[in-house]
Amino acid sequence: MKTIKRLSILFFAVLAGINTNAQEKKAVQVSFIYPVGTAGSNSEDYTNHFSFNIIGGFNGGVNGFELGSVANINKGNVNGGQISGVCNVTSGNSKGGIISGVCNITLGDSKGLFISGVTNLTKNQSEGVEISGVANVSGSHKGLQLSTINFVKDYLSGSQIGVVNYAKKGKGLQFGVVNVCSADDDVFPIGIFSVVKNGYYAFEVSTNELFITSLSYKMGKEEFYSIFRAGIGEHNNKSVFSTGFGFGSIVPIKGNHKLNMELICDALHYDWKWGDNKLNLLNQFNLSYQYQITKHFAIKAGPSLKTFVTNQKENGEFVDVIKIPHTLFEHTGEKYRVAGWIGFNVGIAFSL
């Protein structure tokens, strides 16, 4: 990585000190490594239709196709196809299909399909599809970014799919483990952790027909947020502890009246037993009326459609882990028992 960083600094230093407008056009150039090639030390003065760099080349631009085993460096624009084993560096604009083993760097605007093993970096605006193994970084982006880390400094218009997604402002979709955006734009984050500037963050205390108390933490936007929660109840004089995760949405109706929809999956731990390879899953869809008493305080209540799946047995028989009040359907197989019913959910929410 240190070698790559040093090469990048060298590339930028060279590119920063030259005119970015290629003066003449050539059909083909072949170079071993700059300045050893058909155009010699004047290679930066030519835009080539076809460019072949046995190790690395430094040329004025490309309007066609360029291939390099290590590096392709151009002081002007690149239009067409470009493939390198390590990096493609363009001081002007890049347009077309750009592929590298490590990185694609564009100091102007980029448009098209960009694929790299490590990173795609566009200083200004990128448009199209960016795919990389580690990071896509752009000033602004229109289209799709697919990588471990997707970073848009200014405005996103499109989608980001990765482990970590960041967009200062924009319109589109973020899908990942961690999403960072603003509540003032139209970015729709879907993930486990949605960190939204001026977004929706709330604690909720609730109860239902199964659990005495459940505590939930919610983060994201009111339109779509993540839910982390834990609850405690009792059955057959034994404690039942739950840990769960889900998603929710708050839809304004009128004034302080809102509709709250949540889909949650809870793992139940019977008699405080953890890691015993027993499956006890409580899945629920809560549809609640929510009344916003103040800006930071709301109450909610409504029906809850629940399904429970268990494989916990004692002496060959299924254990009643929870007390189900009634059932809409129930099925007992050799390995699993499944039951469904309609219950209720009542809660108090404190938003930050």
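Guide: Let's begin with burial: a residue is buried under 20% relative accessible area, exposed over 50%, and partly exposed in between, using a 1.4 Å probe and protein chains only. K300, at 4% relative accessibility, therefore counts as buried. Please keep in mind that this is a predicted model, where local features need pLDDT of at least 70, side-chain atom pairs count only at pLDDT 80 or more, and totals for chains, interfaces and linings use all residues. Residues are numbered from 1 along each chain as its sequence is written, and side-chain values use heavy atoms, with hydrogens and water left out.

Visitor: Which residue meets K300 in a salt bridge?

Guide: A salt bridge is a side-chain nitrogen of Lys or Arg within 4 Å of a carboxyl oxygen of Asp or Glu. Here the partner of K300 is E262, at 3.4 Å from N to O. E262 lies in strand β19 and K300 in strand β21, 38 residues apart; strands are DSSP runs of E, at least two residues long, numbered from the N terminus. E262 is buried too, at 3% relative accessibility.

Visitor: Which strands does β21 pair with?

Guide: Two strands pair if DSSP finds at least two bridges between them. β21 (residues 297-310) runs antiparallel to β20 (residues 280-294), with twelve bridges, and a two-residue hairpin connects them. Q284 has K306 as its bridge partner. β21 also runs antiparallel to β25 (residues 337-351), through 14 bridges, where G302 is partnered with N345.

Visitor: And how do I read a nonpolar core?

Guide: Look for buried Ala, Val, Leu, Ile, Met, Phe, Trp, Tyr and Cys residues joined through side-chain atoms within 4.5 Å. The largest such core has eleven residues, including L210, Y270, F308 and W341. Apart from it lies another core of eight residues, among them I73, C87, V102 and I105.

Conventions
Helices (H or I, at least four residues) and strands (E, at least two) are DSSP runs, numbered from the N terminus.
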